[in-house]
Amino acid sequence: MGMDPYEWLPMVKAKMAGTSPLLAPEQLQSFVSYYFDRRDIYLDVLKTHPAPLYLQESSVLRARAARMKRAFEYLLPEVAFYFAVKSNNHPHVASVLIDEGFGLDVSSGQELESALFLGAPDIVFSGPGKTPQELRLAVSHAERVVILMDSFGELERLGPLAAEMDTTIRCGVRLTVNPTGLWRKFGIPMTDLPAFIDAVRQHPRVHLAGLQFHTSWNLSPAPQIAFIRELGEMLAALPAEARGPIEFIDIGGGYWPEQGEWLQAAGTPEGRLRDALDLPAGGVDAHFHLPSTPIEGFADALSGAIRTHLLSSVSCRICLEPGRWICNDALQLLLSVVDKKAPDLVITDAGTNAIGWERFETDYFPVLNLTRPSLVEKPCHILGSLCTPHDVWGYTYFGTDIQPGDILMIPTQGAYTYSLRQTFIKPLPCVITL
Ligand SMILES: Cc1ncc(COP(=O)(O)O)c(C=O)c1O
């Protein structure tokens, strides 16, 4: 039976009124100024490499890696970092992070092959549905790969394989953070852990040495802390001999960059509702902001919870699998304007196949006209050249004007863009590394 309209109408009304916080103009201006101040660096690259480009900044990656390590290393007795390759699978990114002392977190045989090829000395292999070939590849590199098992079925496939290969493989098991909805596909329910530990005893070549969980899109440490508390209660209730072998607890990734999430009106709950009602989503000049926590705040709160709830009953290494937080700021997209079809409509050389999804219809990132810089934001449809209307870079730009030949930059596109790129209609931009 549906809900009574008298109940849901006030909810609709409240949502339509719009409660999403606005992005503070000072925050936006300081972000834009920072990149305009570096304009010469970017324009210099274009003297030798024409747009469109993915421009990777190694120094940004290195600084992020160092800052994350610094944040956690002082607060936890033993901590290890694994870069989540899925967030940006360019080999240079992984190479820089290996050099900074990170391990790699891979989620497929393909990512594992690339991590092995790059010489990563420490690799965790997580993800559901690992194929027998993928498991075989992992076992044949057991000296540097830890398999984070995803299910009882995977254990039953891995055990005989490791026995046949006469190799002991170090493993962890992933715990489901949300047993309902689509997240249930990851890991085993926490309540099944004692049975899993028993099942592992049937497989002498599988060495269960740790636990893993991952929560995504954390604007604050609260979701991770909630699970850490639950895990702590469960661990405290386990017999000591079951806890003894736990050498590591991997708390996953999901740390949101501190600038927070910036949204177009269409990306807010009220915008989605307006869309469902066939109403215009809202003005292009309003930008919304879901604030996040600096990594030091994550480190402080998580370390406290880890010490209280986990290290009180298990003495082990804590592993982290950050992706987005590390690579987000390290890649800038450079495009050029090909056509100006109206005072407020331009078409760029590249299409959003370069980032692989319709990100900018809902997410807001400023488009900077590097050729005609200005801190004034002007309305203009900035669209790509794919034969689809869902090829949007933005609805405004920062500049004095916009004309064919102008170079546009969309900063901080390093996470879940390059690795989602598609060969669709237009060629992909070249990657240039600074
Ligand atoms: C198991 C696992 N670890 C780490 C990550 C990285 O998450 P993020 O890029 O949000 O830090 C993901 C992302 O989906 C994941 O599934």
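My entries follow in that order.

**Whole chain.** I note at the outset that this is a predicted model. I looked up the secondary structure and found 15 helices and 18 strands in the chain. The radius of gyration is 24 Å, close to the 22 Å that the globule rule gives for 434 residues, so I take the chain to be as compact as a globular protein of that length. Along the principal axes, the C-alpha trace spans about 70 × 60 × 40 Å. I then checked burial, and 41% of the 434 residues count as buried. Of the contacts between residues at least 6 apart in sequence, 76% join residues at least 24 apart.

**Helix H8.** Which residues of H8 are buried? I found Glu154, Leu155, Leu158 and Ala162 to be buried; they cover an arc of only 95° around the axis, which puts them on the same side of H8. The face turned away from that buried side carries the exposed residues Gly153, Pro160 and Glu164. Among the elements that cover the buried residues of H8 are helix H7 (132-139), strand S5 (145-149) and helix H9 (193-200). I also looked up the length: H8 runs over residues 152-164 and reaches 19 Å from its first C-alpha to its last, close to the 18 Å expected. After H8 comes Asp166, whose phi is positive, near 55°.

**Ligand shell.** I listed 16 residues around the ligand, of which Ala84, Gly253, Glu321, Gly323 and Arg324 come nearest. By class, I recorded four nonpolar, eight polar and four charged residues in this shell.

Note on methods:
Residues numbered from 1 in each chain as written. Predicted model: local features only at pLDDT ≥ 70, side-chain atom pairs only at ≥ 80, totals over all residues. Near = placed C-beta within 6 Å. Nonpolar A, V, L, I, M, F, W, Y, C, P; charged D, E, K, R; others polar. Helix = DSSP H or I, 4+ residues; strand = E, 2+ residues; numbered from the N terminus. Expected span 1.5 Å × (residues − 1). Buried ≥ 20, exposed ≤ 12 C-beta atoms within 10 Å, placed from the backbone. Arc of directions from axis to C-beta. Contact = placed C-beta atoms within 7 Å. Rg over C-alpha atoms; globule rule 2.2 N^0.38 Å.
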